[in-house]
Amino acid sequence: MLELKHISKWYNVGGKPTFILKDINLKINDGEFVSIMGPSGSGKSTLLHIIGMLDDASEGEYNFMDQAVHTLREKQRSQLYKQHIGFVFQAYHLIDELTVYENIETPLIYQNIKSSERKAMVADILDRFQIVGKKDLFPTQLSGGQQQLVGIARALIAKPRLLLADEPTGNLNSRQGEEIMDLFKQLNKDGVTIIQVTHSEKNAGYGSHIINLLDGRVEQ
Amino acid sequence: MLKNYLIVAFRNLKRNKAFSFINIFGLALGMVCSLLIMLWVLDEKSMDTWHANDSRLFVVYEQQTYDGKVEAGYYTPGLLYQELKKNIPEVEMATGFNPGTDNATFEAGEKIMKVKGTFTGADFFRMFSYPLLKGDRNTVLKDPSGMAISRSMANNFFGSPDSAIGKTIRFENKSVFTVAGVFEDLPNNDSRRFQYLINWEAYVKENQWLTEWGNNGPHTYIMLRADANPALVEKKIAKFLDNYNKYLDANFKIELHLQKWSDMYLHSNFKNGKIAGGRIEYTHIFSVVAIFILLIACINFMNLATARSMKRAKEIGVRKVVGAVRSSLIRQFIGEAILISFFAVLLAILFLALLLPAFNLLTNKQIEFPFRSWTFWLSLAGLVIITGFIAGSYPALFLSSFRPIAVLKGTLRLSPTSASLRKGLVVFQFMLSIILIVGTIVVSEQIKYVQTKNLGYNKENLIYIPVEGDLTTKYTLFKQQALKTPGIQLVSRTNQAPTRIENSTFGVKWDGKDPNARIAFTQVSVGYDYAKTLKLSFKEGRDFSLDFPTDSTNYLINEQALKRIGYKDPVGKPLTFWEKKGTIVGVLKDFHVNSMHAPIVPLVIRLSETDPWGSILVRTDPGKTQLALTGIEKLCKELNPKFPFTYQFADQEYQKLYSEEKTVEKLSDCFAVLAIVISCLGLLGLAMFTAEQRTREIGIRKVLGASIQSLFALLSKDFLKLVLVAFLIACPLAWWIMRGWLQNFEYRIPVSWWAFALAGVAALMIALCTISFQAIKAALANPVKSLRTE
């Protein structure tokens, strides 16, 4: 599905480069459930963002579904990731001004999907996540677990092949966390490739494969 | 997608009521201001353009070269229009028009009334589209006994236009005219204000001077043939007068020129013989002001939007992550701005409807709310879109450029450029406001100056009474009787009241004058006691007096005239006026005739108590005006029973010379207030935002022991600095602009430093008041609360 070759990322601090990621080589296949682990500041999130095309690498090659991402322009990249990638965040990042329904609908709007079709798709996923009753509530009226559920629903609404999750359970209590991880496992079984960043060994255990980062390098 | 944007926009508006109010209310104020100005400008521009033949109507003006200068004006010989029509084939129709539309007394049956109107030629109704209710366009002014009257004049005298037609009406108690036509009352977009028109022949009969080519007075209006080229005609008639005016030679040249007739209203000032603006300048100035005020309002919007962008950054980040491209975000934010400006325009329409009557009062206009004009609604739509674009473009471009991941990780720091841009915009706003305030102060000071400047004559307690009817022959008797009336000090007369002495002549000769030189002197005829009545002061010599029977050929001059003449000891020296030889008996200190726009000109004063027109001048005892008026009224009724008693106060007539400037003063007052209000609204918003943003900092400082005063200073200092910078930039600009405006006055105040100081202090104080509320609130807030939200 995707392959990183010699990916590095650095910032110039006081004229000297400070490396966030250094020479990362990674291959992830369709249907995998990968957990990225490592201490704070090891570059986990940055790696996830580069995979999600939200951030550029300073150096290296990135191929996603047979396309060389590092050569694409902003617009093409955006086209690519909005079709194939869904994001889930630790802080949910729902739009406060929109209801649950509207939040889930937003990605479809940006893919120019017709209104009737959108309705059907949103109704479908609300049903699947059992949050039909909450569709007219605003994010602030929901508990954290419910908000994350909406976040995942939004990430999945456009039927992405790849789901990227940045500490999806970081703001949740353990019961809610478990529910979310069970959901991920189920999704993975249904064919969605998942890459998650996590601190928790337990959550990492849900995955098929763990990558350990330390100081911007993959620990073998 | 649109629906999604609308929903977000609405919810945002609702959630942030204070900011929404500032945005919408501020924009609405700016819009209503620019709408009012737009309506006013359109009204000014539409003046006189409604005639069907507009493109073919022209006014002839003279460009005179003499005495080393070039001057121009609309006054032409009374014979000109007929000769033009006769000799220039392109001139299809032509008419003379007496521009001095004065009140005249009419009598029909029992009714005696004063009505404003004038004289004009037979082609008038064929050239201009004034609707005729009764009578035939082609013949209505042909007959030497014919006249046309307005609908309201017909109603007043005869009950209706129908019953007016064919009736006779007595004019100035000396001649009788037949109503040959009734025209509709003049529309609001016509600058002329006549209620009656009398045929030209009657005018010439009463004013034989019109039959001489050397005399100028009437306007000449012509209508060209449809196929004529105005530029060629203008060239053709340039030297037209050379064949008629025997006074023209190498020292005195007159060229005829054409101006579009409907342009007269806006472009009626001449400078060095060329058309140089007029009212059009005010339409330009106020258009610029309108744009500025709208800009100030837009800046509020931009500033608040960018300042608050941190709050919206998350939404943008999320949208980008779920697939929004930059262009769709730009569209969203511009759309939001357009929505807000749409609300603002709704509010502005409401304000406009409410304010229009007051605005009309202020500007002396009758502008109606243009419900039915589709151009108005179209331009409103344009206003919404343009304002939305201007106001929304910066936030749209700025917000959409956020890197989503930086926003969502919370590592986004607003670049210092955005803050400095915001500061720059605040400086710009306050700069405009301060310029407007300085402008207002200077305009009102100049008006105060011209109104209170010592004119050289005393305009208080001075009454003008028109010389008309039997008063023309009974002046001496009137004077005798009036002087016995309580409350009256002195009585004199003149053919032109001192607020309006316009006649000038080349016909002044003296010893040692170059016989070929053409030197224009303003001239006025007066009665005995003129200088005493006006309280003029003498440089030397004496007033006209009954003790000197030869005074009828003696003259008074002013200092300017003495300068031109150049006599060493002028009193007793010979002076010839219109071929009448006499001597100079006195030199008056210069006094202002007309307005302060014009310099004091050389003036020759001659004695004549028999002119059939002019004004009687009555000097009353201070505080006894009413008593004096009652006495004069009784006297006038007795001596001149056929004429209603009318009078004018000299000081009021003088004020009327500045009616345009007073309108400008009132308008600039309003706009300056508006500008500062809108600017302060924006400042208020920014102060609210800063206080909100720095809540945590303030909390920490407070816990560490900061006093309320020091916190207040902390929060206010930055804004006040901006106002100061704005003041520094505004000062030279305002000085330069106002100096330009003051050039319109020959007598003017210097632009004084205190106008700037006052404007600066005012802006600073208002800004401080605006900020202080927020600053105090923030400084007083409980630190524990603000820190707990972290």
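**Terms and their grounds**

Analyst: This is a predicted model. Its contact between the chains takes 19 residues from chain A and 20 residues from chain B.

User: What makes two residues count as in contact?

Analyst: Their C-beta atoms, placed from the backbone, must lie within 7 Å. On the side of chain A that touches chain B, the elements giving two or more residues are α2 (74–84), β6 (85–89) and α3 (100–110) of chain A. The most come from α3(A), with five residues. By class, that side of chain A has eight nonpolar, five polar and six charged residues.

User: Why is E97(A) called partly exposed?

Analyst: Buried needs 20 or more other C-beta atoms within 10 Å, and exposed needs 12 or fewer. E97(A) has 19 C-beta neighbours inside 10 Å, so E97(A) counts as partly exposed.

User: Where is E97(A) placed, and with which residues is E97(A) in contact, leaving aside its neighbours within four places in sequence?

Analyst: E97(A) sits in the loop between β6 and α3 of chain A. With those neighbours left aside, E97(A) is in contact with V8(B), R11(B), N12(B) and E315(B). As for R118(A), 21 residues from E97(A) along the chain, the two C-alpha atoms are separated by 19 Å.

User: Why is strand β8 of chain A said to be largely enclosed by the rest of the structure?

Analyst: The strand covers residues 193–197, and five of the five residues are buried, so β8(A) is largely enclosed by the rest of the structure. T193(A), I195(A) and V197(A) point one way from β8(A), I194(A) and Q196(A) point the other way, and all are buried.

User: How do you know that β8(A) pairs with β3(A) and with β7(A)?

Analyst: The test for a pair is at least two bridges. Strand β3 (residues 33–37) of chain A is joined to β8(A) by four bridges, and the two run parallel. Within that pairing, I36(A) stands opposite V197(A). Strand β7 (residues 162–166) of chain A has five bridges to β8(A), also in the parallel sense. There, L164(A) has I195(A) as its bridge partner.

User: What makes β2 and β5 of chain A edge strands?

Analyst: Four strands form an open antiparallel sheet in chain A, in the order β2-β1-β4-β5. β2 (16–28) and β5 (67–68) of chain A each have a single partner strand, so one side of each is left without a neighbour in the sheet. The pairing of β2(A) with β1 (residues 2–13) of chain A is antiparallel and runs over nine bridges. One of the bridges joins V13(A) to K16(A) in β2(A).

User: Why are the buried residues of helix α3 of chain B said to be on the same side?

Analyst: The helix spans residues 80–87, and its buried residues are L80(B), Y81(B) and L84(B). They cover an arc of only 95 degrees around the axis, which puts them on the same side of α3(B). In general, an α-helix has 3.6 residues a turn, so residues three or four places apart point the same way. The face turned away from the buried side carries the exposed residues K86(B) and N87(B). The buried residues pack against β1 (57–66), β3 (91–97), β11 (219–224) and α8 (230–237) of chain B.

User: How do you know that domain 1 and domain 3 of chain B touch?

Analyst: The domain assignment gives domain 1 (54–265), domain 2 (415–452 + 657–790) and domain 3 (469–642) of chain B. Nine residues of domain 1 are in contact with seven residues of domain 3. On the domain 1 side these are three nonpolar, three polar and three charged residues. The C-alpha centres of the two domains lie 30 Å apart.

User: What confidence values does the model carry, and what are those of chain B?

Analyst: The model scores ipTM 0.81 and pTM 0.80. Chain B averages a pLDDT of 88, and 97% of its residues score at least 70.

User: How many helices and strands does chain B have, and what share of its residues is buried?

Analyst: Chain B has 24 helices and 26 strands. Of its 790 residues, 41% count as buried.

Key
Residues are numbered from 1 along each chain as its sequence is written. Chains are lettered from A and ligands numbered from 1 in the order in which they are written. This is a predicted model: local features need pLDDT of at least 70, side-chain atom pairs count only at pLDDT 80 or more; totals for chains, interfaces and linings use all residues. Ala, Val, Leu, Ile, Met, Phe, Trp, Tyr, Cys and Pro count as nonpolar, Asp, Glu, Lys and Arg as charged, and the others, Gly among them, as polar. The arc is that of the directions from the helix axis to the C-beta atoms. pLDDT is the predictor's confidence in each residue, from 0 to 100. Domain bounds come from an automatic or database domain assignment.
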